[in-house]
Amino acid sequence: PIQSDSRPAMKRLVNGKNGQALLFNGKGDHIKTNWMGILGREPRSVACWIKIHPNDRQGWAPIVEWGRMPGNGYWRFRVTKDEKHPDRAVLRLGLGQSWYDGQSNLADGKLHHVAVVDTGKFSELGMPDINFYVDGEEEPAIHQKAWMNVDSRETQEGLPMIMGINHGSTTAPH
């Protein structure tokens, strides 16, 4: 991949938890791909190591996003400000106009292994079956908002996968 400033991606590799890792600067640094992502209701999961500093309070760019969802939006995995506790950062999975939040505070300056699993199925309540994991422990994915009928949701072909910035943005939150 080529960076947003045209430098080779290998120039931004840093020591990671296991081997090398990509470092995003939080100021628009990102990677765009030509991969359209996993579409329809096919199962998918994303896992990575992240470190969020406690004094980062303005918001965070998506870890990864792609596609198009009914009602406008993307399949988007990110860290976001906890709406009830603004000094905390939690996982969020956006499914267009509906989203789910985790509960573990990630803004502690430590490395955390985070993952989301979207099984493509629906729960007994008719909601998408979403699971979050933080440091290997499952935690509830709490449904926050729905501005669309989530039982009709599926990821449609749209924009290709991007990491580190919102589609349509020129700068990432930092």
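The questions and answers below concern the fold and salt bridges of a predicted model.

Visitor: What share of the contacts between residues at least 6 apart in sequence joins residues at least 24 apart?
Guide: The chain has 174 residues, of which 42% are buried. Among its contacts between residues at least 6 apart, the share joining residues at least 24 apart is 60%.

Visitor: Which strands hold R76 and E65, and how many residues apart in sequence are the parts they tie together?
Guide: The side chains of R76 and E65 form a salt bridge, at 2.4 Å from N to O. R76 belongs to strand 6 (residues 75-81) and E65 to strand 5 (residues 62-68), so the pair links parts whose separation in sequence is 11 residues.

Visitor: Is E65 buried or exposed?
Guide: Buried means under 20% relative accessible area. E65 has a relative accessibility of 0%, so E65 is buried.

Visitor: In the salt bridge of D82 with R88, which residue is partly exposed?
Guide: The closest N and O atoms of D82 and R88 are 3.2 Å apart. D82 has a relative accessible area of 13% and is buried. At 22%, the partly exposed residue is R88.

Visitor: Are R92 and D101 buried or exposed?
Guide: The structure holds three salt bridges. One of them joins the side chains of R92 and D101, with N and O 2.7 Å apart. Both R92 and D101 are buried.

Methods. Residues numbered from 1 in each chain as written. Predicted model: local features only at pLDDT ≥ 70, side-chain atom pairs only at ≥ 80, totals over all residues. Heavy atoms only, no water. Salt bridge = Lys/Arg side-chain N within 4 Å of Asp/Glu carboxyl O. Helix = DSSP H or I, 4+ residues; strand = E, 2+ residues; numbered from the N terminus. Buried < 20%, exposed > 50% of the residue type's maximum accessible area, 1.4 Å probe, protein only. Contact = heavy atoms within 4.5 Å.
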